[in-house]
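Please look through the sequence and the model shown here before reading on.

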Amino acid sequence: MIQLSFNHLVYLVEAARWTILLSVIAFIGGAMVGLPIALMRVAKSKVLRGLASGYIQLIQGTPLLIVLFLSYFGLGILGYKLDPLVAAGISFTIYAAAFLGEIWRGCIEAVPKTQWEASDCLGLNSFQQYAYVILPQALRIAIPPTVGFMVQIVKNTSLASVIGFVELARAGQIVNNSTFEPFAIFTAVAAIYFVLCYPLSVAARTLERRAHAGR
Amino acid sequence: MSYKFDFEFLAERWPDFVAGAWLTIQLTVLAIAFGFLVGTVCALARVYGGPVLRRLVGAYVETIRNTPLLIQIFIVYFGLSSLGLKLSAEVSAVLALTINMGAYTTEIMRAGIESVQRTQLEAADCLGLTRFQTMLHVVLLPAMERVYPSLASQGVLLMLASSITSQISAEELTATANLVQSDTYRSFEVYVIVAVVYLALSALYRLGFWAISLILFERRRRLGTPL
């Protein structure tokens, strides 16, 4: 058995870079798919609304872990062998898009109705309405809950460990396999996650307080 | 694509899925119930407790909410057993899920309790209610009613998150899926089935929470307000 050493801690901290990378991928992917979902959710067409809401219900009703297994093992069996990073990136994008879509729908709907009416009266078309009137205001409302959701993303990247992607949680398991000091190691891993997440939590809360004070 | 879908293994293995789903239900119902108790007590401590107690509860909530459930489960299962406290996978799962649910419930219930106005407490005082009666009828039940949708969502999220306990070999639904797919090599079909079962469980839990709300909240029963 190998003694737990400072090098192990360095290894964990280095693995945390992959956690950060995965989180960034998940957030960017989720945002790129989530925004269209949110817009579909408030669209005039019933079909678009139904599609978006079906997607959200489907993803919010299935565990992220199953989505991960489906895209890694499932697609692998179907003949699309994906790299763990790609499979994780796809799964987290699918997952984050559903939640961000729902969060942002709320933000778009929170823009006062009078703003829609006013922009209608000014003769703006739909695109102009969204681009110049609604979305900029929705963005301000959206920042606190979005930052809050980033905490969920960072935490959920730990699930990528189960398909063999070596990020922070998997690195913890690897160190544990050679040293067998689970309590110390996983506490250290938890501490690193805390360091990543806590500033985001605090930022979300501060932003929220400020947003409410502004009105 | 030359792949043919094959669900034939279901004929033989469906009892495994039922058993897995049943364990998922058992684990999560226990965790939701205990977690609710922990959360309510902690929320009361957070609002009415002394400064030390408030800090302690705050630290608990922040620690749990800012670390992944997977790591919490590992600490409870592998960590505690290495310190000499050997728990079975199922007990560890319930314990970890309870601790997790408790932290989220604390925050939700705190919001509810803080929304009860001072005048309500004063009115209860004037009516001569005992402290216990005030707590139950004036603070807790109305607080719960106000935040009930959040509590219900958190319960469903916890049920979905319980899939993570498959990683410590608690033989719930996801672990069953892993087992069956490694026997049959039908991973796509297996995970699709399990996803459908989880969807059904989500719907079932929402229905359950709605039924509980009818029992608990008179107003809801009379108005029939859906969740």
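Predicted model: local features only at pLDDT ≥ 70, side-chain atom pairs only at ≥ 80, totals over all residues.

## A term to begin with

In this report a helix is a DSSP run of type H or I with at least four residues, and helices are numbered from the N terminus.

## Chain B as a whole

Chain B contains nine helices and zero strands, so that its pattern, read along the sequence, is α-α-α-α-α-α-α-α-α. Taken along the principal axes, the box filled by its C-alpha atoms is roughly 75 × 50 × 30 Å.

Of the 227 residues in chain B, 41% count as buried.

## Helix 7 of chain B

Helix 7 of chain B covers residues 173-184, which makes twelve residues, and its span from first C-alpha to last is 16 Å, close to the 16 Å expected at 1.5 Å a residue.

Its buried residues are Leu173(B), Thr174(B), Ala175(B), Thr176(B), Ala177(B), Asn178(B), Val180(B) and Gln181(B). These buried residues pack against helix 1 (9-48) and helix 8 (187-216) of chain B, and also against helix 3 of chain A.

## Helices 3 and 4 of chain A

Two packed helices are described by the angle between their axes and the distance between the axes. In chain A, the axes of helix 3 (residues 64-77) and helix 4 (residues 84-110) come within 9 Å and cross at roughly 135 degrees, and the two helices are therefore oblique to each other. Their crossing is right-handed.

On the side of helix 3 of chain A, the residues that meet helix 4 are Leu64(A), Val67(A), Leu68(A), Ser71(A) and Tyr72(A), while helix 4 of chain A brings Pro84(A), Ala87(A), Ala88(A), Ile90(A), Ser91(A), Ile94(A) and Tyr95(A). Sorted by class, this contact has ten nonpolar, two polar and no charged residues.

## Where chain A touches chain B

Between the two chains, 29 residues of chain A are in contact with 32 residues of chain B. Helix 3, helix 6 (126-156) and helix 8 (182-214) of chain A each supply at least two residues of the side that touches chain B, and helix 8 of chain A gives the most, with eleven residues. By class, this side of chain A has 21 nonpolar, seven polar and one charged residues.

Methods
Residues numbered from 1 in each chain as written. Chains lettered and ligands numbered in written order. Axes fitted to C-alpha atoms, helices over the stretch in contact; angles between N-to-C directions. Parallel < 35°, antiparallel > 145°, perpendicular 65-115°, else oblique. Left-handed = near helix turned anticlockwise from the far one by under 90°. Contact = placed C-beta atoms within 7 Å. Nonpolar A, V, L, I, M, F, W, Y, C, P; charged D, E, K, R; others polar. Buried ≥ 20, exposed ≤ 12 C-beta atoms within 10 Å, placed from the backbone. Expected span 1.5 Å × (residues − 1).
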